[in-house]
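Work through the following exercises with the sequence and the model side by side. Each task sentence is followed by a solution that goes step by step.

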Amino acid sequence: MYDIAIIGGGPAGYSAAINAKILNRSYIWFTGKTPPKKVIKAELIRNYLGLSDISGENLFSAFESHIAALGVEKTPEVVTGVYDLDGKYALLAGKNEYEARTVILCTGVETARPIDGEDEFLGRGVSYCATCDGNFYRGKDIAVLCYDKAFEHEIEYLCTLAHTVHVIPTYKDCGVKAANAHMHEGYPVKFTGGMRLEKVLFKNGELAVDGVFVLRNSFSPAKLVHGLKTEGGHIVVNRALATNLDGVFAAGDCAGRPYQYAKSAGEGNIAVHSAVEYLSK
Ligand SMILES: Cc1cc2nc3c(=O)[nH]c(=O)nc-3n(C[C@H](O)[C@H](O)[C@H](O)COP(=O)(O)OP(=O)(O)OC[C@H]3O[C@@H](n4cnc5c(N)ncnc54)[C@H](O)[C@@H]3O)c2cc1C
C-alpha cells in the first residue's frame, strides 16, 4: 500500500509527485496516457516564476528534466474509480487495482461533457475500461467513443473480441484498421435503452449496440470518487486543500479558479504537505 496516490499529469500532479519524493513518502502517480495538453499546447507563457517567455513545450521539458533528476516515476494509466475502504482507498486503473492511505486529485477541469445517458447506463452497457470489461462483449456489437489516439490499442483489443466495433473518434486520422471496425463521424447526443444500453443516438441516425466504451483521459472528480463534494464543477477544499473525505486532497484547476500553472504547482506542493500531516496523525 502507498502513502499517497496522485491522480493527474499536469503541473499540479508534477509538483505533488516531486514533493512526495522529496518528503520520502511512498507514492504512486497516475499521469494518464498522454502528456498534459494544457501545458504542451500553450504558445507562450509569461507568468511562470523564473521561466519568463517560455513555450508550453519547453515548460513541459523542464518538468520532465526535473522529475528525471529526482528519479520520480510515473504510472501512465487513467484512474477510473477511487473507492473508500475505511481508512484507505482502492484505485482502479485499467485492470489493475492499487491501494493508498491518501489520495491527491490533480485531474484538471473536465472539458468534455458527459453524453446524455452516460451516467445512467454506467455499468449497464457503458464502460470506461476495455481491458476490464471487453470480455463481456465477446461476439457482440459495440461502439467505442474515443477521445485520443493513445487509446487506439484498446480499440484494437476490443476488435479481437467483439463481432462489430463502431468506432467514433473525436479527432482526425483514427488509425484503427481491424476488419470488423466501422468508422463513424459525428458526436453522439445520447445513450438510450431499457434495463441496459441499447442505442447510441446521433443528430441524424442511431447505432444499435450491446455496449459502448467511452475512452477518455479524464473524468469529473465527482464521478471518480463517490461522495466527493463539488460546487460549480470544482472540488470543495479548505486552505489545506482537504476535501470533505478523510485523506482525500485536491490541487490545481480541479480545486478552483484561477486556472494557472503557478497556482496548480503551488497547490500540488501544499496538498502533499497536508497529506503527510494527515498520515502522521
Ligand atoms: C492554451 C492554453 C494556454 C494557457 N496559458 C496559460 C498561461 O500562460 N499561464 C497560466 O498560468 N496558465 C495558462 N493556462 C492554464 C493552465 O494550462 C492550467 O491552469 C494548468 O494546466 C492546470 O494544471 P493542472 O495540473 O491543475 O491540470 P491539467 O494541466 O489540466 O492536468 C491534468 C492532467 O490530469 C490528467 N487526468 C485527469 N483525470 C485523470 C485520471 N482519472 N487519471 C489519470 N490522469 C488524469 C489529464 O489528462 C491531464 O493531463 C493555459 C491553458 C491553455 C489551455
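The exercises below treat sheets, helix packing, the ligand shell and backbone angles in turn.

This is a predicted model, in which local features need pLDDT of at least 70 and side-chain atom pairs count only at pLDDT 80 or more, while totals for chains, interfaces and linings use all residues. Residues are numbered from 1 along each chain as its sequence is written.

**Exercise 1. Antiparallel pairing**

Describe the open sheet of three strands, and then the pairing of β3 with β4.

Solution. The sheet of three strands has the order β10-β11-β12 and antiparallel pairing. Its edges are β10 (190-193) and β12 (205-208), each with a single partner strand, so one side of each lacks a neighbour in the sheet. Neighbouring strands here are turned by 30° against each other on average, direction ignored. Next, β10 and β11 (residues 197-202) run antiparallel and are joined by four bridges; T192 stands opposite K199, and K190 stands opposite L201. A hairpin through three residues joins β10 to β11.

Turning to the other pair, β3 (residues 79-84) and β4 (residues 89-93) pair in the antiparallel sense over five bridges, and the bridge partner of G81 in β4 is L92. These two strands form a hairpin with four residues between them, and D86 in the turn has a positive phi of about 60°.

**Exercise 2. Helix packing around α1**

How are α1 and α3 oriented to each other, and at what angle do α1 and α7 pack?

Solution. Two packed helices are described by the angle between their axes and the distance between the axes. Axes are lines fitted to C-alpha atoms, for helices over the stretch in contact, and angles run from 0 to 180 degrees between N-to-C directions. The axes of α1 and α3 (residues 56-70) come within 11 Å and cross at roughly 15°; the two helices are therefore roughly parallel to each other, a term that applies to angles under 35 degrees. Residues count as in contact if their C-beta atoms, placed from the backbone, lie within 7 Å. On this basis Y14, A17, I18 and K21 in α1 meet F63, H66, I67 and L70 in α3, and by class this contact has six nonpolar, one polar and one charged residues.

For the second pair, α1 and α7 pack at an angle of about 35°, with their axes 7 Å apart. Their contact involves residues including P11, A12 and G13 of α1 and Y261, S264 and A265 of α7, and the residues of this contact divide into nine nonpolar, six polar and one charged.

**Exercise 3. The ligand shell**

Which residues come nearest to the ligand, and which helices supply at least two residues of the shell?

Solution. A residue is near a molecule if its C-beta atom, placed from the backbone, lies within 6 Å of it. Of the 33 residues around the ligand, those that come nearest are G10, G32, G108, S218 and G252. At least two residues of the shell come from each of α1 (11-22), α2 (37-40) and α7 (261-280).

**Exercise 4. Backbone angles**

Which peptide bond is cis, and where does N24 lie?

Solution. Most residues other than glycine have a negative phi, and most peptide bonds are trans. The peptide bond from R257 to P258 is cis, with omega near 0°, and P258 lies in the loop between β16 (248-250) and α7. Phi of N24 is near 60°, a positive value in a residue other than glycine, and N24 lies in the loop between α1 and β2 (27-30).

Technical notes: Parallel < 35°, antiparallel > 145°, perpendicular 65-115°, else oblique. Contact = placed C-beta atoms within 7 Å. Nonpolar A, V, L, I, M, F, W, Y, C, P; charged D, E, K, R; others polar. Pairing = 2+ DSSP bridges.
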